[in-house]
Amino acid sequence: MKTGIHHVTSITADVQANVDFYMGFLGLSLVKQTGGYEDAEQLHLFYGDPEGRPGTLVSFLVWPATGRGRTGLGQVSEIAFAVPMNSLGEWMTRAISANIPVEGPMKEFGESVLRLKDPDGLIIKLVASEAAIGSGSVTAPCYIRGITVLSDRAEQTCDFIGRFGYEKQSVEDAITRLKSDTDVVDVHAVTGYPESIKGAGVPDHVAFRAPDIDAVRQMRLDLKDHGPTNVHDRQYFVSLYVRDVSGLLIEYATDAPGMAVDEAPDQLGQTLKFPPEILPHLAQELAIKLPQFSRPGELRSPRRELPFVHRFYWPEDPDGSTIVLLHGTGADEASLMPLANSINPRAALLGVRGRATEEGSLRWFRRLGQDSFDQDNIRQEAAAFNAFLAGAIRGYALDADKLLLLGYSNGANMIGAVAALYPDSVRRAVLLRPMKVLDEANPSGVKGRILMVSATGDSLIVQDRDTALEADLSGAGYQVTHKRIHAGHWLTTNDEQEIIDWQLMGVA
């Protein structure tokens with residue numbers, strides 16, 4: 001079996017832009033979409049040739065709206081693809097037309113090279129290669145030509161990568177080129193670089209090809225004195241993870257069983273998959289939480305720049321209604337989507353992410369203590385959310401009469417504050433485990449329906465604060481239904497039933 005790169009895995013903050021670049025611009029095939037094996041709530045996409053062969057594969061972990069990472073020591077800094085000879089001029093023209101940053105052509109190790117940047121800032125090189133299949137006109141990249149890695153211990157990094165079937169070929173300035181049977185690794189000797197930081201546009205690891213499971217086992221034995229190693233069954237391959245002295249994360253992965261183990265060869269990437277240990281009912285919930293995307297040429301919803309990070313879930317058979325979701329402390333814009341989908345499977349779901357943080361956890365406004373809140377911050381964020389809501393209704397052509405706001409805990413408290421400050425924006429709302437957080441607001445003559453669901457065993461709600469909120473909302477004119485269930489702060493199936501019953505009351 002040939003040695004070389006199996007795949008390279010990176011991180012993207014924008015799944016739609018990622019799909020548009022790698023499928024739409026580069027012309028690669030999406031050969032697998034799956035819930036992550038380290039975190040099933042993380043979408044993982046694999047692109048490659050139509051057969052999904054090792055050596056053509058690049059994959060991306062989707063971290064929605066995450067910040068740009070930092071490429072530094074012990075990191076892959078560039079991914080190179082082989083393209084047909086004499087095609088670089090057309091690639092440059094296409095890149096300029098698509099407003100994709102491009103540099104070159106230039107010569108590196110005797111090869112003509114173009115450098116592009118993907119939407120997250122990851123450098124993609126296109127290398128004119130005689131081995132690439134094609135007539136010379138633009139076509140999808142044929143295979144991974146190589147990678148560039150940054151190391152402050154270049155000689156040791158070169159020796160370590162040699163374990164995976166690479167030999168030194170040549171040196172150009174501070175770069176040592178290693179060659180396998182199929183591709184190259186350029187080790188760039190650098191000093192003074194900072195360490196890398198995970199984030200969008202930064203590769204997570206490179207995987208090299210292993211002949212079989214026995215080779216993976218033997219590699220682990222060979223590395224027993226090197227440092228920690230981990231072996232995992234990733235369903236499509238079995239692999240070992242290890243770091244070199246510079247910190248570069250390397251995977252050693254088998255070709256078999258391959259991408260067609262759970263999909264027909266002509267249907268690769270068509271269906272969202274999950275690790276085998278994920279039970280069907282959990283897979284259904286996860287499928288609702290993972291970000292959706294459209295392939296090039298497919299119909300897609302518009303994309304609007306609004307004050308809050310947000311994400312839609314579009315059902316297959318929408319009824320024109322929309323549920324706007326405000327998460328609790330420590331959750332995110334997708335956390336309430338399974339609950340909302342159970343309430344109304346035909347509703348579009350608009351999950352919104354709070355902009356405040358507390359010890360790294362997302363919130364909707366700053367908390368000064370367990371029962372003390374930053375009043376100015378509440379009003380500022382409520383004003384911003386009200387503007388977001390108006391922009392979403394206008395920008396996404398949502399029916400305001402079929403809008404339901406649903407919030408949990410801190411998210412419910414934000415809806416309560418918006419209802420008090422901007423009552424025209426809140427016509428129907430569900431507040432789960434809410435309490436009063438806004439000191440003063442005195443609207444009157446409001447028309448709207450609100451369901452509050454409190455829990456008798458909820459120790460996180462300050463005593464009588466939920467009753468105070470009910471009084472404020474009722475006094476403003478809202479038709480408030482306040483239910484108390486036997487539960488704690490966390491949500492239960494009883495919450496779902498209370499919402500369904502309340503909705504039916506409104507229909508009647």
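I settled the residue classes before anything else: Ala, Val, Leu, Ile, Met, Phe, Trp, Tyr, Cys and Pro count as nonpolar, Asp, Glu, Lys and Arg as charged, and the others, Gly among them, as polar. The model is predicted, so local features need pLDDT of at least 70 and side-chain atom pairs count only at pLDDT 80 or more, while totals for chains, interfaces and linings use all residues. Residues are numbered from 1 along each chain as its sequence is written, and side-chain values use heavy atoms, with hydrogens and water left out.

**Entry 1: overall view**

I took helices (H or I, at least four residues) and strands (E, at least two) as DSSP runs, numbered from the N terminus. The protein has ten helices and 28 strands. I read its C-alpha trace as spanning about 80 × 50 × 45 Å along the principal axes.

For burial I used relative accessible area: buried is under 20%, exposed over 50%, and partly exposed in between (1.4 Å probe, protein chains only). Of the 508 residues in the protein, 55% are buried.

A contact means heavy atoms within 4.5 Å. Among contacts with a separation of 6 or more, 69% join residues 24 or more positions apart.

**Entry 2: cavities**

I searched on a 1 Å grid over the protein atoms alone. A cavity is a set of points where a 1.4 Å probe fits but cannot get out; a pocket is an open set with protein on both sides within 12 Å along at least five of seven lines. Lining residues have an atom within 4 Å of a point. Grid points are joined across faces, edges and corners, and a volume is the space filled by probe spheres set on the points.

How many cavities of 30 Å³ or more does the whole structure hold? I found two. The largest cavity holds about 70 Å³. It is lined by 15 residues, and A80, K125, R177, V184 and D186 are the closest to its centre. β9 (143-151) is one of the strands that supply at least two lining residues each. β9 gives the largest share, four residues. By class, I noted six nonpolar, two polar and seven charged residues in this lining.

The second largest cavity holds about 40 Å³. I listed its lining as H6, G52, P54, L57, Y236, F237, T254, D255, G258 and M259. Five of these are nonpolar, four polar and one charged.

**Entry 3: the largest pocket**

Next I turned to the open space. The largest pocket has a volume of about 1,300 Å³. Its lining has 41 residues, with P291, Q292, F293, R311 and F312 nearest the centre. Which elements each supply at least two residues of this lining? They are α1 (15-25), α5 (280-289) and β18 (310-313). β18 gives the most, four residues. I counted the classes here too: 22 nonpolar, eight polar and eleven charged.

**Entry 4: Q33**

I picked out Q33, which sits in strand β2 (residues 29-35). Is Q33 buried or exposed? Its relative accessible area is 9%, so Q33 is buried. A polar atom of its side chain lies 3.1 Å from the backbone oxygen of G269. Beyond its neighbours within four places in sequence, Q33 touches H44, L45, G269, Q270, T271, L272, K273, F293 and R295.

**Entry 5: cysteines**

A disulfide is a pair of cysteine sulfur atoms within 2.5 Å. By this rule I found zero disulfides. C142 is buried at 16% relative accessibility. C158 is buried at 6%.

I found a cis peptide bond between G104 and P105, with omega about 5°. P105 lies in strand β6 (residues 102-108). Another cis bond joins A256 and P257, and its omega is also about 5°. P257 belongs to strand β16 (residues 249-257).

Then I checked phi. A397 is not a glycine, yet its phi is positive, near 55°. A397 is in the loop between α7 (375-395) and β25 (403-408). It is exposed, because its relative accessible area is 67%. R433, also not a glycine, has a positive phi of about 60°. R433 counts as buried, because its relative accessibility is 1%.

Conventions:
A polar contact is a pair of N or O atoms within 3.5 Å; within protein, one must be able to donate a hydrogen and the other to accept it, and residues adjacent in sequence count only if both atoms are side-chain atoms.
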